[in-house]
Amino acid sequence: MLTDIEIAQSVKLKDIREVAERIGVGEDDIELYGKNMAKFSDEYILSAGDKENGKLILVTAINPTPAGEGKTTVTIGLGDALSKLGKKAVIALREPSLGPCFGIKGGAAGGGYSQVAPMDKLNLHFTGDFHAITSANNLLCAVLDNHLLQGNSLGIDPNRIIIKRCLDMNDRALRNVVIGMGKRMDGVVREDHFVITVATEVMAILCLSNDLADLKKRLGEMIVAYTYDNKPVKAESLGCVGAMTVLLKDAIRPNLIQTLEGNPAIVHGGPFANIAHGCNSVRATKLALKSADYVVTEAGFGADLGAEKFLDIKCRLAGLKPDMTVLVATVRALKYNGMVAKEDLGKENLDALSKGIVNLGKHIENLKKFGLPVVVTLNRFVSDTDAEIEFVRKYCADMGCKLTVSEVWAKGGEGGISLANAVLETLETEKSNYAPIYDDSLSIKEKMNVLAKEIYGADGVEYSKEAENAIKKIEEMGYGTLPVCVAKTQYSLSDDPTLLGRPSGFKMNIREAYVSAGAGFVVLISGSIMTMPGLPKSPAAERIDVTDDGVISGLF
C-alpha cells in the first residue's frame with residue numbers, strides 16, 4: 001500500500017495559475033511561490049469583498065482517538081466530491097505545525113487520495129507564515145527584555161511577564177528556562193518559557209484579523225506583562241508593533257494550493273484547538289466565501305473544542321453564519337470509546353459500539369444547540385462490518401440526522417459523492433438558525449458554566465485560587481464581555497483524558513486564566529494541558545529522510 005506522500009508524489013499537479021482561474025482569479029491577483037503555491041494579492045482580497053457569499057459548511061468530529069477519524073481527509077474529499085457534481089466549491093484549511101510533523105500526530109494535508117498538495121511543502125516550511133509569526137513573537141520578547149536592561153521605565157515586574165518566546169517545534173526542554181545569564185549586558189536574569197508557535201497569541205491574532213490595520217491594532221492590544229503596581233503593560237507601550245506588523249505583512253495574506261484532483265484550496269493560519277481557537281484565518285474563510293458557491297472548512301479536534309470555538313469565537317467575532325455541519329466518526333473510534341483495546345478494533349463488536357456511540361450522540365446534540373443542521377459521515381475501514389454500519393445508521397436516524405459512508409481516503413472525490421449529495425439535500429431542505437451558545441453579556445464564570453454543562457456534560461466548574469483571582473482582575477480591566485476559549489484535553493469531553501464516551505458526574509477544573517486581549521478572548525485552562533508539546537519515545541523525525549536527488553520519504 002502506498003503511503004500518503006507516495007500517493008501525493010505520484011500525482012502531476014496543475015500550475016497554480018490554472019487552479020486560480022477556476023475561481024476567477026487572474027495571474028495578476030496572486031503572487032507565485034513556485035509553480036504550485038501562491039498568495040492572494042491585497043488588491044484582490046479587497047476587491048473580492050463585493051461578491052456574494054457562498055454556503056459555509058463546517059466539518060468537525062467526535063473526540064479524537066488513536067484509531068483515527070480523518071476530519072481533514074473528509075473535508076478535502078467533500079470539496080472534491082462537490083466539484084465532481086459540477087458545483088463551484090473551495091475548501092478552507094489550517095496550515096500544519098512543524099512540531100507534530102516530526103513528533104507523533106502527523107501533518108494536516110489529509111490522507112490517501114484526499115489530500116491537498118504539494119503536501120511535503122505544506123507540512124514543512126510552506127510560504128513561511130509560521131516562521132514570520134515566530135519572528136514577530138520573539139521580536140516582542142527581545143524588545144521587552146531589552147527594555148528591562150535599559151532601565152525599565154515602564155516599571156515592569158520581571159516576575160509577572162506574560163508573553164513567552166516560541167518555536168514551531170516540539171521541545172519540552174524549553175518549557176521552563178532561565179535567560180539573561182552571564183555578564184550584565186547579557187540581559188536581566190529571569191525565568192522564561194517557550195510555547196509552540198501555534199499556541200501564541202500572535203498566531204490567534206493573525207487568524208482573527210480582518211486586514212493589516214486590524215492586525216496592527218490587535219498586536220498593540222496584547223498584554224505582555226504587569227507592572228510592580230499591578231497595571232497591565234500592552235505591546236504598544238514597547239514601541240515595536242510596527243516592526244512586528246512588517247514581519248507579518250505577507251503572512252496575513254491567505255495561500256492558494258490545490259487538492260490532488262486539482263481543485264482550489266485556501267490554506268492559512270493554524271492555531272491549535274486544544275489551547276487556542278483551532279480554526280483557519282478569518283481572511284481565508286471570507287475570501288473562500290466570495291470565491292465559491294460552497295465552502296468546506298474544518299475546525300480542530302472534536303466538536304467540543306474546534307467546533308465550539310469556531311461557532312462561539314470565530315463566527316461571533318467575524319460575523320460569519322455557517323449553514324450546516326458535517327460530523328466525522330469511524331466505527332473503530334466509536335468502539336475505542338466503548339473501551340475496546342486498539343489491537344482489537346478490527347473485530348466486530350456491537351456491544352462496545354453501543355457503549356461508545358454515546359460520544360457521537362453528545363456531539364450531535366451539541367451541534368444542534370447552535371441551531372445547525374447535522375450530517376454524520378463514517379470514514380469506512382475494511383474491517384467495518386455491515387452490521388456495525390447499520391447500527392450507527394439507525395442511531396443517527398433516531399437522533400434526527402442523516403448518515404453517509406465516506407470512502408474518500410481510498411477513492412478521492414468519487415468516494416465522497418454520497419456525502420456531497422446529503423450535504424446538498426440538507427442545504428436545500430433544512431435552514432440554519434445559527435447562534436452562539438452564550439451571550440456576550442454573561443460574566444466569564446457564567447459563560448464557562450454554560451460550556452461545562454451544555455457542551456461537556458459536567459455538573460459544574462471548580463476554580464483554583466489563582467484562577468479566581470485572575471478572572472476577577474480580567475473583569476476589572478474591562479474584558480469580562482469577551483468570549484471564552486477553554487484549553488483542555490482533546491481526548492475527552494471532560495478535562496480528564498481517560499474519561500471516554502460520554503462522561504457524567506464530573507466537574508471541570510479551571511486552574512489558570514488569562515486574557516488574550518489582542519485576539520479578543522479569555523483563555524481558561526482546564527486540567528493538565530501543555531502549550532509546548534514534547535517528542536514521543538520514537539518520533540517521526542527518526543523515519544523522515546530525503547534522497548540525493550531531493551525526494552522526501554517517511555513524511556506520512
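This tour moves through the structure one selection at a time.

The model is predicted, so local features need pLDDT of at least 70 and side-chain atom pairs count only at pLDDT 80 or more, while totals for chains, interfaces and linings use all residues. Residues are numbered from 1 along each chain as its sequence is written, and side-chain values use heavy atoms, with hydrogens and water left out.

**Stop 1: strand β3**

Select residues 55-61, which form strand β3. Helices (H or I, at least four residues) and strands (E, at least two) are DSSP runs, numbered from the N terminus. In β3, 6 of the 7 residues are buried, so the strand is largely enclosed by the rest of the structure. Buried means under 20% relative accessible area, exposed means over 50%, and partly exposed lies in between (1.4 Å probe, protein chains only).

Two strands pair if DSSP finds at least two bridges between them. Here valine 59 stands opposite glutamate 298 of β16. Threonine 60 stands opposite leucine 327 in β17.

**Stop 2: helix α11**

Select residues 282-291 to display helix α11, where 8 of the 10 residues are buried. Among the buried residues are Val282, Arg283, Leu287 and Leu289.

**Stop 3: aromatic rings**

Rings of Phe, Tyr and Trp (its six-membered ring) pair if their centres lie within 6.5 Å; planes under 30 degrees apart count as stacked, over 60 as edge-to-face and the rest as tilted. The count by this rule is 1 aromatic pair. Select phenylalanine 40 and tyrosine 44: their ring centres are 5.8 Å apart and their planes are at 20 degrees, so the pair is stacked. Phenylalanine 40 is buried, at 0% relative accessibility, and tyrosine 44 is buried at 4%.

Now turn to charges over rings, a term that applies if NZ of Lys or CZ of Arg is within 6 Å of the ring centre and within 35 degrees of the ring normal. Select arginine 332, which lies over the face of phenylalanine 381, 5.0 Å from the ring centre. Lysine 445 lies over the face of tyrosine 463, at 4.7 Å from the ring centre.

**Stop 4: salt bridges**

Side chains of opposite charge can pair when their charged atoms come close. A salt bridge is a side-chain nitrogen of Lys or Arg within 4 Å of a carboxyl oxygen of Asp or Glu. The whole structure holds 28 salt bridges.

Select aspartate 145 and arginine 190, whose side chains meet in a salt bridge of 2.8 Å, N to O. Aspartate 145 lies in helix α7 (residues 129-149) and arginine 190 in strand β10, so the pair ties together parts that are 45 residues apart in sequence. Are these two residues buried or exposed? Both aspartate 145 and arginine 190 are buried.

Next, select lysine 394 and aspartate 398, a salt bridge with its closest N and O atoms 3.2 Å apart. These two residues are 4 residues apart in helix α16 (residues 386-398), a separation of about one helical turn. Lysine 394 and aspartate 398 are both exposed.

**Stop 5: backbone features**

Select alanine 117 and proline 118, which are joined by a cis peptide bond with omega about 5 degrees. Proline 118 is in the loop between β6 (114-117) and α6 (119-123).

Move on to phenylalanine 126, in the loop between α6 and α7. Its phi is near 50 degrees, a positive value in a residue other than glycine. Phenylalanine 126 is buried, with a relative accessible area of 11%. Asparagine 152, in the loop between α7 and β7 (156-161), also is not a glycine and has a positive phi of about 55 degrees. At 16% relative accessibility, asparagine 152 is buried.

**Stop 6: a surface patch**

Finally, select Val178, Met181 and Val189, which form a nonpolar surface patch with about 310 Å² of accessible area together. Patches are made of residues with over 30% relative accessible area and no salt bridge; like charges are joined within 9 Å, and nonpolar side chains (Val, Leu, Ile, Met, Phe, Trp, Tyr) within 5 Å. Accessible areas come from the Shrake-Rupley method with a 1.4 Å probe; for residues, only the protein chains shown count as cover. Methionine 181 lies in the loop between β9 (177-179) and β10 (190-192), and is exposed at 60% relative accessibility.
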